[in-house]
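Here's a quick briefing to read with the model open beside you.

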Amino acid sequence: MRPRAIGNITRFGTLAIGMVLGAGGMFVGLAQADRIVPERPDVLVALGQRLEVQHRVVDLKVGKGDFVGAIDSLESLRSGPWPSSEDSSSVSVALRHDAYGRLVRLRLDHPEVDPLGEGKLLEMIEEGLGDDDTEASPFTARLWALRGEVYESQGQDDEALEAYEKALEINALLLERELGGEL
Amino acid sequence: MKRGNAVLLSLLCVAACSKRAPRAAAAPEAASAPGGDLGMDDEYAAESAAAQRDYDSDPPTFEELEARLEQLDADLSAQGISGSEETAVSVSPTSEPGGTPADESKDKAGRCERICKLRDAICDVSERICGLAETHEDDSKYSEACTRSESRCEQATTACSTCDG
């Protein structure tokens, strides 16, 4: 067999092992977390790979000061497709919150880039949060805090307070878990 | 393959640890992370070449994959990259009983980092709530929310300080 063919076989073998490891670990994790095993674990793996690549690209663009490109990349990510939590567990929802949070943060920090009205930003946050029933995650907390920030900039302080308190509640819960219920 | 392994390991850890997966909730994007002088294409090319080398070698063991993931975390942290760094922190594996002292020390450091990042996020939000309270001095709803959030911030600060030792 030619060395290149052997290399290809090894490559796909390695990929298969990686897939099995990842999927296996994910099932174990879900079982440990008392969650329902997702209908389509392969969808979660594919989503993770897509996000990893895009976040890396955004890292590079931000590092070079290319905020237009970074926002474009995140907008492209935002356009989906995003799997449902039924298909790929609440992990995918947390990952979506992470991507949206990063996009909104960038847009707030660089309003000169493709300016959007605050109404549009709020729509974006709502879209990111969705109506999924999710586990507490720091990504979700950040998105709520961003929602408060946008409301505050609009002078809608009651709504801002509500959003900040939601973010605080999630973070406090996560801290409590981290401390083993000491709080 | 390096990146793919990292993704799969990240997913593994996300699923296993997401109930205990904190990270800073309000960290801004790194506006000027040091990127070096390499062009983006060069960086991709270097990574691609490394991936090719990985493809052509024997399949890595699970321990090797973990070591690679840790190396990736370290690389990203060294570059001051915020987004993936936060993700990496959030998916750090938790300690298992019976680990080596070195493992336990590393797990403790990871836990402390998560606690302190949560402290940052909690105190950032508290600051914002109390900022609102200042402009609504006559509204007890705001002042009470400020008091509650300050208490949360103090608790988190104590937890972080205690953890850091």
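Predicted model: local features only at pLDDT ≥ 70, side-chain atom pairs only at ≥ 80, totals over all residues.

Residues are numbered from 1 along each chain as its sequence is written, chains are lettered from A and ligands numbered from 1 in the order written, and side-chain values use heavy atoms, with hydrogens and water left out.

**The core**
- A:Leu106 and B:Ile129 touch the most other members of the largest nonpolar core, which has 61 residues (buried Ala, Val, Leu, Ile, Met, Phe, Trp, Tyr and Cys joined through side-chain atoms within 4.5 Å; buried is under 20% relative accessible area, exposed over 50%, partly exposed in between, with a 1.4 Å probe and protein chains only).
- The largest share, 11 residues, comes from α5(B).
- Leaving aside residues up to four places away in sequence, B:Ile129 touches (heavy atoms within 4.5 Å) A:Leu161, A:Tyr164, A:Glu165, A:Leu168, B:Ala145, B:Cys146 and B:Ser149.

**Helix α5(A)**
- Helices here are DSSP runs (H or I, at least four residues), numbered from the N terminus.
- Buried in α5(A) are A:Leu121, A:Leu122, A:Met124, A:Ile125, A:Gly128 and A:Leu129.
- They cover an arc of only 155° around the axis (taken from the directions from the helix axis to the C-beta atoms), so they sit on the same side of α5(A).

**A:Arg40**
- A:Arg40 lies in the loop between α1 and α2 of chain A, and counts as partly exposed at 39% relative accessibility.
- A:Arg40 and A:Ser84 are 44 residues apart in sequence and 9.8 Å apart in space, C-alpha to C-alpha.

Methods:
Helix = DSSP H or I, 4+ residues; strand = E, 2+ residues; numbered from the N terminus.
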